[in-house]
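Here are a few exercises to work through with the model open beside you. Try each task before you read its solution.

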Amino acid sequence: MNQNKRFEQFFLQNTPIILFVVVFLVFGLLAPRFFSLQAAETILKQASYIGIVAVGMTFVILTAGIDLSVGSNMYVSAVMAGLVMQDFKAPAWIGLLVCLSVGMLFGAVNAFLITKLKIIPFIATLGTMVAGKGVGLLFSQSIQIPFPKSVLELGSTRLFDVIPLPIIIFAAVVVVAHLVLTMTPLGRQIYAVGNDSEAAKKAGLNVGRVLGTVYVVSGLMAALGGFVSVAQQGVVHPGFGEGYEFNAIAATVLGGTSLFGGVGSVLPGTVLGAVLIQMIQTGLIFTKMDLYLQPLITAAIIFFAVLLDAFRNVQLQKMRRRNIRVEKGMPVGASAGDD
Amino acid sequence: MSDSILTFENIEKSFFGVRVLKDISFSVPRGKVLGLVGENGAGKSTLMNLVGGVVAPDSGHMLLDGKPFAPRTPRHANDAGVGFIHQELNLFTNLSIAENIFIDGFPRLSWLPVLNRARMRSQTRQFLAAVDLEMSPDTLVEKLSPGERQLAEIAKALSFDAKLIIFDEPTTSLTARETDRLFALIERLRSNGATIVYISHILGDVLRLADEIVVLRDGELVGQGPTADFTVGRMIALMVGRDIKQLYPPRTSAPLPDPALEVKGLSQIGIVEKITFALHKGELLGIFGLMGSGRSELARILFGLDTYARGEIWVDGKRQAKSSARHSIDMGMAFVTENRRDEGLLMDISISNNIGLVSLPHYAATTITPLHEAQLNGQINGVVESLKIKASDVGRQAAKTLSGGNQQKTVIGKWLLDQPSVLIIDEPTRGVDVGAKFEIYTIIADLAAAGTGVLFISSELEELMGVCDRILVMSNGEVQATFARAEFDKERILRAAFREHVPS
């Protein structure tokens with residue numbers, strides 16, 4: 001195998017990280033301010049809540065499922081938390097507890113529809129996306145719900161006066177999720193179900209329980225991500241959460257997780273994806289790009305990344321294909337395409 | 001302890017009102033290899049699925065070690081010591097060998113919900129040593145060859161101390177060497193005290209391996225006894241219920257002088273080298289080669305699925321202009337792939353839609369005008385009839401509900417709507433029972449009699465010698481030799497095929 005081919009293979013196997021570096025450098029060259037610590041902090045802080053939601057989404061997509069309801073879930077769980085804190089003067093930790101409970105309950109409804117009623121995930125979560133938003137609006141009466149000052153202060157707290165709390169929460173979520181996926185029986189079973197759910201059934205796994213768990217995890221992560229976001233903004237406005245499912249799915253896929261299930265990771269995968277999306281959006285502001293062009297450029301970069309991913313899989317498969325013939329001058333063993 | 005490990009007593013099972021197993025009673029002797037044979041649909045797999053906990057019987061019961069045995073899930077069967085190696089292997093390609101072995105019961109680090117990787121590795125190493133697979137426990141399954149995957153699956157059965165291991169058609173995707181290795185392993189498992197149930201269509205293997213043989217036909221037990229009482233002929237007679245005088249239909253037509261397909265100096269680096277041959281109209285040309293000889297790859301190139309660097313392909317006197325399947329079909333080529341499940345059939349759509357698929361453009365003026373339904377359906381029904389596809393409703397029944405033989409006939413059927421001038425057919429009888437094999441040979445011979453040139457690729461030399469006019473032997477991506485029917489000689493052909501890998 002010659003130098004060129006090695007390079008190509010390296011490139012194809014590491015597309016997410018290479019894309020990440022390229023985008024970073026391009027924006028940095030266009031707007032030198034982009035390289036500052038200040039910018040890095042802004043990006044990470046902004047990326048933290050979408051990142052948390054995307055971690056939950058990664059669990060779901062690893063089983064070859066999808067959760068379209070995360071945006072609505074963020075809204076309804078934040079509304080409930082806000083109402084409890086506003087109307088009953090509940091302390092912040094009660095608010096958080098309510099928020100997470102509502103999110104898990106939301107996820108449990110998805111799990112029930114998908115595992116017990118056997119509705120395909122796309123339709124089940126499309127339904128709960130609309131219904132969930134309806135429930136949220138019913139309680140909020142389409143009125144903005146403010147979070148108490150104590151929560152807002154929490155949102156701008158810094159650990160050791162250095163690292164903002166949202167980033168700490170994001171990091172903690174990532175570490176726990178990574179350990180669960182790589183080190184626990186549940187994690188390996190999620191990968192197994194995503195690879196071949198029929199085989200998983202034959203191997204004696206409780207496929208329903210594994211699937212149910214990932215939707216509850218996704219619901220929990222959506223609620224937590226929503227709370228972290230509102231803690232920075234201060235209010236739950238009626239449009240909160242809309243379209244976030246797209247960002248969460250995009251972050252997961254950009255990080256190299258396959259929509260067909262069984263392949264992908266939270267660390268580095270989804271973390272890179274979430275930060276990449278935020279980096280693009282922040283970078284466009286820094287370079288003073290026309291406001292109306294920004295969504296188009298974001299979408300273009302995402303499409304490009306996904307296209308690259310599809311191309312990459314085809315190329316990698318081609319490279320792995322074994323050669324039949326041993327050509328003259330080819331060292332023995334080089335023909336059986338090593339990874 | 002009794003000398004039978006598993007006993008069936010008056011087992012009955014029906015699917016959708018069709019009785020699949022009728023009053024089956026017999027015993028599996030302990031510590032022996034039991035060969036289980038029968039045509040597709042005879043009930044072998046259903047019977048073994050009962051043992052494996054995949055389905056439950058309607059009535060009757062099973063005894064395992066003298067105790068009532070009624071597994072409700074595959075897990076129960078495993079816990080009771082029954083291992084089941086399915087024909088389609090049950091491994092997760094994205095996980096490591098060790099993870100696959102422990103997927104339903106990972107060892108943990110004391111009370112923590114965390115995998116005990118060290119223990120998984122050391123135990124897996126033991127199991128892998130027992131099946132002679134020299135691989136790291138951390139190797140991803142996707143990097144294993146079909147034979148190695150099979151060994152990994154057997155290692156998994158060893159992990160829960162299976163005392164009864166069922167093999168369902170284990171050799172369909174193995175090379176000759178891997179098959180030998182598997183047989184040696186089965187012998188070893190038996191001498192260590194395990195009991196084996198071996199299901200296969202390759203009757204010679206069953207004779208060689210089994211101590212005792214059970215024959216099923218249409219859900220009934222029609223023969224049981226020690227292997228010494230059986231010959232291949234007797235097994236076939238019992239399976240089919242009549243004597244099959246001939247395994248192959250006689251050749252009634254002769255090839256015409258005009259070439260249907262000419263291949264000149266076809267080369268692609270690492271795949272094939274300087275392939276040159278001509279296939280005549282009405283000729284049945286066999287291509288024989290061992291696994292990895294390049295025969296299936298050649299077929300893909302000829303049909304335009306893969307590209308080539310040098311050489312020419314001529315179909316019916318016209319040069320193939322580009323590598324594209326659509327172009328090849330327009331030129332009159334047809335291709336029945338080796339892998340009918342993944343590549344040949346759309347499993348969830350109806351039989352008639354599958355058959356009509358390739359010819360759709362011919363039954364409408366343009367792609368967006370309505371199809372001439374009546375005309376198309378008439379043609380499809382004609383094909384179904386001539387192929388004797390056994391189905392209750394070809395318009396509604398999904399392809400996946402058919403047995404292996406009938407699926408294969410459906411794949412062939414979709415190319416029959418347009419009489420092709422060249423038919424490439426790759427391993428058409430793999431996993432197909434004796435009766436259906438004869439029908440498939442007849443269909444192919446009829447096509448040749450009508451003027452189609454047939455390129456028949458197979459790893460079963462007997463069937464090529466029984467059916468073909470000429471055999472072309474490939475190895476290391478090259479044509480090694482060509483034999484005319486008069487010169488057919490098993491030993492000479494095999495010798496040509498084994499010439500590979502000897503540095504010249």
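**Exercise 1. A helix in chain B**

Work out how far helix α9 (residues 295-302) of chain B is enclosed, and what follows it.

Start with burial: 7 of the 8 residues of α9(B) are buried, so the helix is largely enclosed by the rest of the structure. Buried here means that 20 or more other C-beta atoms, placed from the backbone, lie within 10 Å of the residue's own. Helices (H or I, at least four residues) and strands (E, at least two) are DSSP runs, numbered from the N terminus.

Then step just past the helix, where B:Gly304 has a positive phi of about 90°.

Before moving on, a word on the ground rules. This is a predicted model, in which local features need pLDDT of at least 70 and side-chain atom pairs count only at pLDDT 80 or more, while totals for chains, interfaces and linings use all residues. Residues are numbered from 1 along each chain as its sequence is written, and chains are lettered from A and ligands numbered from 1 in the order in which they are written.

**Exercise 2. Chain B as a whole**

Describe the make-up of chain B and find out how its radius of gyration fits a compact globule.

First, count elements: chain B has 17 helices and 20 strands. Second, take the radius of gyration, which runs over C-alpha atoms; the globule rule is 2.2 Å times the number of residues to the power 0.38. For 504 residues a compact globule would come out near 23 Å, and the 25 Å of chain B agrees with that. The C-alpha atoms fill a box of roughly 70 × 55 × 50 Å along the principal axes, and 46% of the residues in chain B are buried.

Across the boundary, 11 residues of domain 1 of chain B are in contact with 12 of domain 2, contact meaning C-beta atoms, placed from the backbone, within 7 Å. On the domain 1 side, helix α8 (residues 232-240) of chain B brings the largest share, 3 residues.

**Exercise 3. Two packed helices in chain A**

Find the angle and handedness for helices α4 (residues 70-87) and α5 (residues 92-116) of chain A.

Begin with geometry: the two pack at about 145°, with axes 8 Å apart. Axes are lines fitted to C-alpha atoms, for helices over the stretch in contact, and angles run from 0 to 180 degrees between N-to-C directions. Now look at who meets whom: the α4(A) side includes A:Val76 and A:Met80, and the α5(A) side includes A:Val102 and A:Phe106. By class, this contact has 12 nonpolar, 4 polar and no charged residues. Ala, Val, Leu, Ile, Met, Phe, Trp, Tyr, Cys and Pro count as nonpolar, Asp, Glu, Lys and Arg as charged, and the others, Gly among them, as polar. Finally, the crossing of α4(A) and α5(A) is right-handed, that is, the near helix is turned clockwise from the far one by less than a right angle.

**Exercise 4. Where the chains touch**

How many residues of chain A are in contact with chain B, and which helix gives the most?

Count first: 21 residues of chain A are in contact with 25 of chain B. On the chain A side, α9 (185-195) and α10 (197-202) each supply at least two residues, and α9(A) gives the most, with 6. That side divides into 9 nonpolar, 7 polar and 5 charged residues.

Methods:
Contact = placed C-beta atoms within 7 Å. Buried ≥ 20, exposed ≤ 12 C-beta atoms within 10 Å, placed from the backbone.
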